[in-house]
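Look at the model below with its strands in mind. The text then moves from strand pairing to the core, the rings and the charged pairs.

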Amino acid sequence: MTEQAQGDIQEDNDIARVTRWSFAAGAETGFHRHDYDYVVVPLASGRLKIVDKEGKESLSELTAGVSYFRRAGVEHNVINASGSDFAFVEVEFKARFT
């Protein structure tokens, strides 16, 4: 059985949910869908393997403190391919601002 990444919800309200994700080497989130737009803030530099809903694999090199944004609807499994512990903070936006 594959080790699961650990999600620690730090804030959850009507506007946003903030989760700190911690991964041991090789740990994964499991396949999931993002229902909200979100930002990821890596807490360390490392490599993640992403497996999409068709099973296509890609590698993402993340740099500590360099954030990225994704729209709702992303479906994937995220696997720590760094060879050591890895963590990031995910901020999901429940409300849209205009």
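What follows is a walk through the fold, element by element.

This is a predicted model, where local features need pLDDT of at least 70, side-chain atom pairs count only at pLDDT 80 or more, and totals for chains, interfaces and linings use all residues. Residues are numbered from 1 along each chain as its sequence is written, and side-chain values use heavy atoms, with hydrogens and water left out.

Start with the strands. Strands (E, at least two residues) are DSSP runs, numbered from the N terminus. Two of them pair if DSSP finds at least two bridges between them. Strand β1 (residues 6-12) meets strand β2 (residues 16-23) in the antiparallel sense, over 6 bridges. Gln6 has Ser22 in β2 as its bridge partner. The two strands form a hairpin, with 3 residues between them.

Move on to β5. β5 pairs with β6 in the antiparallel sense, again over 6 bridges. Here Ile50 stands opposite Ser58 in β6. This hairpin has 4 residues between the strands, and Gly55 in it takes a positive phi near 90°. β5 also joins β8, through 5 bridges, and the two run antiparallel. Val51 stands opposite Asn77 in β8.

Now look inside. A nonpolar core is a set of buried Ala, Val, Leu, Ile, Met, Phe, Trp, Tyr and Cys residues joined through side-chain atoms within 4.5 Å. Buried means under 20% relative accessible area, exposed over 50%, and partly exposed in between (1.4 Å probe, protein chains only). The largest core has 11 residues in all: Ala5, Phe23, Ala27, Tyr38, Val40, Leu48, Ile50, Leu62, Val78, Phe86 and Phe88. β4, β5 and β9 (86-93) are the elements that give two or more residues to this core. Follow Val40. Leaving aside its neighbours within four places in sequence, Val40 is in contact (heavy atoms within 4.5 Å) with Val66, Ser67, Tyr68, Phe88 and Val89.

The rings come next. Rings of Phe, Tyr and Trp (its six-membered ring) pair if their centres lie within 6.5 Å; planes under 30 degrees apart count as stacked, over 60 as edge-to-face and the rest as tilted. The structure holds 2 aromatic pairs. The ring centres of Phe23 and Phe88 are 5.5 Å apart and the planes stand at 40°, so this pair is tilted. Phe23 lies in strand β2 and Phe88 in strand β9, so the pair ties together parts that are 65 residues apart in sequence. Both Phe23 and Phe88 are buried. Ring pairs link Phe23, Phe86 and Phe88 into a cluster.

Finish with the charges. A salt bridge is a side-chain nitrogen of Lys or Arg within 4 Å of a carboxyl oxygen of Asp or Glu. The structure holds 8 of these salt bridges. One joins Asp37 to Arg71, with the closest N and O atoms 2.8 Å apart. This pair links distant parts of the chain: Asp37 is in strand β4 (residues 37-42), Arg71 in the loop between β7 (68-70) and β8 (75-80), 34 residues apart. Where does Asp37 stand, buried or exposed? Asp37 counts as buried, because its relative accessibility is 9%.

Glu61 forms a salt bridge with Arg47, the closest N and O atoms being 2.5 Å apart. Glu61 sits in strand β6 (residues 57-62) and Arg47 in strand β5 (residues 46-52), 14 residues apart. Glu61 is exposed at 55% relative accessibility, while Arg47 is partly exposed at 35%. Glu57 forms a salt bridge with Lys49, at 3.8 Å between the closest N and O atoms. Salt bridges that share partners also join Asp12, Arg17, Glu92 and Lys94 into one network.
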